[in-house]
Amino acid sequence: MTTDIPADIPPEISAEFSADVVIAGGGPNGLMLACELSLAGVRPVVLERLTAREEENRANGLVGQVIRVLDHRGLYERLTGSAEPPRPVPGFVFGALPLDLSAVEDNPLHILGVPQRRVEQVLEERATELGAEIRRGHELTGLSQDAEGVTAEIAGPGGPYRVRARYLVGADGGRSLTRKLSGIGFPGVTRDDTVSRAAHVSIPDTLIDPATGGLDVPGYGVIPPFMHHRTEHGLIAFAPFPGRLPMLTTMEWGGGEESAPSPMSLDELRSSVRRVLGVDLPFGPPEGEGPHLLRLLTGGNTRLADRFRAGRVLLAGDAAHVHSAIGGPGLNLGLQDTVNLGWKLAAVIQGRASEELLDTYESERRPAAERVVLHTQAQSALIAPGAEVTALRGLFAELLRDPRNARHIAATMSGADLRYDMGTADAHPLTGRFAPDLTIEADGGAVRLAELARTARPLLLDLTGDAAAAKEASGWHDRIHTVTGRSPASPGSPGPSGASGSSPEVSALLVRPDGYVAWASSSPDPDERELGALRAALTRWFGPSA
């Protein structure tokens, strides 16, 4: 539920309002974590400084594997209004170069054009349905921790108060107070040599290219829609989102011919477009009621927290890592942080796992953040001005024409190239990967793996015929959802990340709540070695047999 209580609760009695987990930050990452914890039976309290959602969209869509994660929770259907499963896209862009995926086998890249404000709305609605408490207008101001828990100092509408919780998670953005209060370093680099301008605009119909939907600029040519378009003088992008105001964006190096004014005006954007393209683009102010975007950003940061955990305080999303927004990786990375963390935190709080399980949060998610830093910095290099960069782009464009290279880039951008270490020797090719969306014939009819994952419980799919894996896992029946069935089919589902070819045949899968495969077998009759590996995986991730 969303609440302003306890605005008037004095500090001396605020201990009555204890929580299992305090989440600092009620953006997408904090709300997703609240959903995950609530699904696991843990009581979160979300603290959000803002009294209402921001009008401005900080992101215009979702890119990558997070779309399949949302499908696992039934949130993809809420966001799209369609019961159809997500499908990979035939093309995208990397460093302002076209990325043709039409010939890529097992394409791993998904895109969902939903603005961040709508994502936050859906996540908040879901968190409220699940019983999470969301305190708007409440802000973390201090914290202390001991061996048993964390005490959060909070400023609310009625004054300061305290909440005592087992753990505290900072999902409070790149300037995270949680991170600073916990003494966690944030090393990295800051750049101040770029100026980005963005605004909602109106475009004359005569300038819309009928073939592409992009801009047909007099004296220049066509600028394709939804792609960064590089010139020797900067970058421009035109985004005509259906049912929304079109958005025009430029980026320049060195700030353009004059210093960037603040606040920005449409005239300044016009001047920037002229510098980037060398010609004028006749556009007008946005039509209809606002809010209307008019944004100027100077420079940027690439930083990675030196640790994701300090005792009973953990970081997620931008609080743990910031990077360029090119390629749209932010929510893909941050939301998957929270899905990885949620079930582990719940297991420790409920006494089903030791705190060592929390150590795997950083060991699994730090490499994901490092990969995002890698590909966003590479893209930033590819869009920079200069003859040397132009030559590099020409060579890179040649490499991307090979479907194998295109798939590698698509897997990197989606996060599907990541393979977690499940601690299993001679592991199945699917072990450590995000689970393919198998369709199985169970007693209730055909069902997708994603539909079976809605409750966020560990999932064992046994397709062996004699239920050998299910029998082996009977001692964990109180913690895992076991489904027996027949004939898996996974048309169009991505295979092992980073590899080409279709998904390997599979007869049994143990899937963690975050969607990653902890154990798999392709044998119709798993031998004792494979079943022993299943027991080991069950014990490692979900505790000893009952």
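**Figure 1. Salt bridges across the predicted model.** The structure contains 33 salt bridges, each a side-chain nitrogen of Lys or Arg within 4 Å of a carboxyl oxygen of Asp or Glu. This is a predicted model, in which local features need pLDDT of at least 70 and side-chain atom pairs count only at pLDDT 80 or more, while totals for chains, interfaces and linings use all residues. Residues are numbered from 1 along each chain as its sequence is written, and side-chain values use heavy atoms, with hydrogens and water left out. One group to look for is a salt-bridge network that links Arg197, Glu252, Glu268 and Arg275.

**Figure 2. The salt bridge between Arg43 and Asp20.** Here the closest N and O atoms are 3.4 Å apart. Arg43 sits in the loop between α1 (28-39) and β3 (44-48) and Asp20 in strand β2 (residues 19-24), so the pair ties together parts that are 23 residues apart in sequence. Helices (H or I, at least four residues) and strands (E, at least two) are DSSP runs, numbered from the N terminus. Asp20 is buried at 13% relative accessibility, whereas Arg43 is partly exposed at 45%. For these words, buried means under 20% relative accessible area, exposed over 50%, and partly exposed in between (1.4 Å probe, protein chains only).

**Figure 3. The salt bridge between Arg535 and Glu472.** The side chains of this pair meet at 2.3 Å, N to O. Arg535 belongs to helix α13 (residues 528-542) and Glu472 to helix α12 (residues 468-472), so distant parts of the chain, 63 residues apart, are linked. Arg535 is partly exposed, with a relative accessible area of 28%, and Glu472 is partly exposed at 22%.

**Figure 4. The salt bridge between Asp306 and Arg307.** These two side chains meet at 3.9 Å, N to O. Asp306 is partly exposed at 43% relative accessibility, and Arg307 is partly exposed at 33%.

**Figure 5. Two alanines with positive phi, Ala96 and Ala456.** Most residues other than glycine have a negative phi. Take a look at Ala96, though, with its phi near 65°. Ala96 lies in the loop between β5 (91-94) and β6 (97-100) and is buried, with a relative accessible area of 8%. Ala456 also has a phi near 65°; its place is the loop between α11 (449-452) and β24 (459-462), where Ala456 is buried at 14% relative accessibility.

**Figure 6. The packing of helix α7 against helix α8.** Helix α7 (residues 330-349) and helix α8 (residues 356-383) pack at an angle of about 175°, with their axes 9 Å apart. That makes α7 roughly antiparallel to α8, the word for angles over 145 degrees. Axes are lines fitted to C-alpha atoms, for helices over the stretch in contact, and angles run from 0 to 180 degrees between N-to-C directions.

Definitions and conventions
Angles under 35 degrees count as roughly parallel, over 145 as roughly antiparallel, 65 to 115 as roughly perpendicular and the rest as oblique.
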